Amino acid sequence: MSVSIWTQTEAGSIYDTSHKSGKIDSAWTRAKNTITGAITGNNIVDEGRSLLEGVVSSVREVLPKALSTANAAMAQLSFSGTTGNFQSASEDIVLSAKFQPIVEQYPEKIGSPLYKKRYLHDLSGFIKCEDAVFSTTLATSVEEQAVEEFLNSGFFFE
Amino acid sequence: MWSFDKKRNSTKIPEESAGRVFNGELKQEFTITGLEVTFNLGKELYAPTYNYAYIPNLRRYYFITDWYYEAGLWVAVCAVDVLATFKTEIGNSIQYVTRAYSDWDPNIIDTAYITRAEGIVRDNDVLSPDLFWGASAWSDSGTVVIGVVGANASSIGAVTYYAMAMSTFGAFMDSMLSGISWANISASEISEELQKALINPTQYIVSCKWFPILFSSFHQGAITYQIELGWWSFPLIASAQVLSTVSSAWISRESYLTIPHNPQSRTNPRLAYLDLAPYSSYMLKFLPFGIFQLDTTELYDKTYLGMRVESNLMTGDSVLKLSTSGALGGFNWENSFLVTEGQIGVTIPVGQIAADIGKYKNALIAGGSTAIAEIIDRT
């Protein structure tokens with residue numbers, strides 16, 4: 001059977017190009033044979049059977065590997081919880097302290113913190129005041145200032 | 001005049017009887033704070049013996065800061081002693097006193113003294129966990145709380161929680177797994193071996209936790225001698241308690257430690273502040289809650305550190321509260337200075353076959369993709 005292949009150009013004219021390509025003839029021949037086989041029922045059955053046998057063979061060979069892969073990832077046994085820690089319940093409860101000493105004290109010389117308002121005659125020994133104000137009619141301002149300086153820098157009431 | 005030893009910054013006044021009265025003449029020009037006085041003391045008396053004077057006419061005390069000899073007379077150079085002169089007025093004044101010898105506040109940190117790296121003292125107080133919990137982790141004591149799916153009208157959800165002694169739990173597990181007769185299925189219906197394959201009793205135990213609490217001191221729920229497990233009832237060799245209410249599933253334990261104090265603060269009342277940071281530091285190790293550095297201001301001036309643990313027996317979730325007190329029993333848990341969470345219950349594994357849907361899904365995807373890849377390669 002002769003076959004003509006018609007090609008349409010961009011300009012719109014149609015002409016036979018089958019003589020330009022032997023490959024087209026060859027492809028057509030294979031297709032024709034296949035169609036012929038389909039009509040007679042011989043070639044397509046054989047080819048289909050062969051294809052299915054190949055798939056089944058592959059599956060038989062590959063499936064165990066796949067199942068093995070799946071099996072390795074599956075949980076075979078689990079527990080209702082994780083193993084706890086008895087250790088912590090057996091440890092002593094400890095309150096530990098560290099004390100750092102200070103240098104020798106000399107409160108007679110420098111006193112100790114008080115930070116309170118006081119009548120000075122209620123105290124004795126070393127006294128140091130903050131922003132002391134001293135005023136009396138018996139003293140000059142120079143003397144009052146001198147007293148305030150003593151009170152602010154520390155003095156001994158004795 | 002006196003021969004008198006006193007500090008320049010002192011209000012000290014000599015005894016009148018210890019002095020000697022002399023007549024002198026003020027030099028023509030002087031100030032009240034600084035002046036010179038001429039004395040005719042004769043040849044016998046050595047004037048520089050005296051270093052302190054009171055001039056009645058001026059009503060002031062003076063330090064004699066220098067002497068010089070002029071035209072056969074001793075001249076005293078004097079500077080007023082304002083502290084002695086106005087001692088009464090100074091004493092009657094009210095001042096804001098920052099430091100004093102005769103009165104102090106031991107709660108104020110005295111920064112005048114620096115610390116020494118040498119001579120650090122360590123101290124501690126230890127409480128055995130047995131004393132706190134009432135049971136030892138290494139003994140057969142302690143309480144096991146299991147959550148069991150079974151018939152019980154008073155269960156919490158589908159699960160009933162039973163508390164029992166460790167030995168009772170062991171006997172229960174043994175009776176459950178050593179035979180299948182408890183299932184009450186005739187061997188003529190289903191063989192015993194098949195029953196064992198079909199029935200997995202551990203699947204009904206959904207949780208199992210051990211608590212370091214002596215079961216004999218445990219009084220949380222109604223007493224029972226059997227466990228309802230799935231469709232079956234298991235007798236127990238000893239009593240268990242059913243934690244049928246949420247409140248019964250909570251338990252608390254309290255105890256205390258004695259707070260160590262800085263040795264210097266104990267021997268010197270001025271140094272109480274040494275129990276505070278940075279002079280003192282405290283660490284509490286209470287597992288499984290952790291190791292904590294404690295705020296020294298919370299322990300300051302207190303004798304006891306109280307510890308209270310509240311535990312949920314269903315989950316083991318627990319809360320540790322710390323409080324301090326000067327006397328036993330005076331702990332205020334509502335105002336605990338430290339509250340932290342932890343897990344007291346120790347989970348005991350109970351084996352059972354389980355299907356992890358997520359893992360199955362991932363496994364099947366991995367296996368399937370491998371198979372498809374192989375087939376594609378072969379075709």
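A residue is buried if 20 or more other C-beta atoms lie within 10 Å of its own, exposed if 12 or fewer, and partly exposed in between. The legends below describe close-up views of a predicted model.

**Figure 1. Residue S281(B) in strand β14 of chain B.** Strand β14 covers residues 280-286. S281(B) has 15 C-beta neighbours inside 10 Å and therefore counts as partly exposed. Leaving out residues up to four places away in sequence, S281(B) touches A97(A) and K98(A), as well as Q293(B) and T296(B). R122(B) lies 159 residues away along the chain, yet its C-alpha atom is separated from that of S281(B) by 9.7 Å.

**Figure 2. Helix α4 of chain B and its buried face.** The helix comprises 12 residues, 166-177, and reaches 17 Å from its first C-alpha to its last, close to the expected 16 Å. Its buried residues are T168(B), F169(B) and F172(B). Seen down the helix axis, these residues fall within an arc of 100°, so they line one face of α4(B). In general, an α-helix has 3.6 residues a turn, so residues three or four places apart point the same way. The buried residues of α4(B) pack against strands β8, β9, β11 and β12 of chain B.

**Figure 3. The largest nonpolar core.** This core has 55 residues, and those with the most contacts inside it are V144(B), Y162(B), A163(B), M164(B) and L305(B). Its largest share, 5 residues, comes from β9(B). Domain 2 (129-249) and domain 3 (251-347) of chain B both give residues to the core, so it lies between them. Beyond its neighbours within four places in sequence, V144(B) is in contact with several residues, including M164(B), F169(B) and W210(B).

Notes: Residues are numbered from 1 along each chain as its sequence is written. Chains are lettered from A and ligands numbered from 1 in the order in which they are written. This is a predicted model: local features need pLDDT of at least 70, side-chain atom pairs count only at pLDDT 80 or more; totals for chains, interfaces and linings use all residues. Helices (H or I, at least four residues) and strands (E, at least two) are DSSP runs, numbered from the N terminus. The expected span of a helix is 1.5 Å times one less than its number of residues. The arc is that of the directions from the helix axis to the C-beta atoms. Two residues are in contact if their C-beta atoms, placed from the backbone, lie within 7 Å. A nonpolar core is a set of buried Ala, Val, Leu, Ile, Met, Phe, Trp, Tyr and Cys residues joined through C-beta atoms within 7 Å. Domain bounds come from an automatic or database domain assignment.
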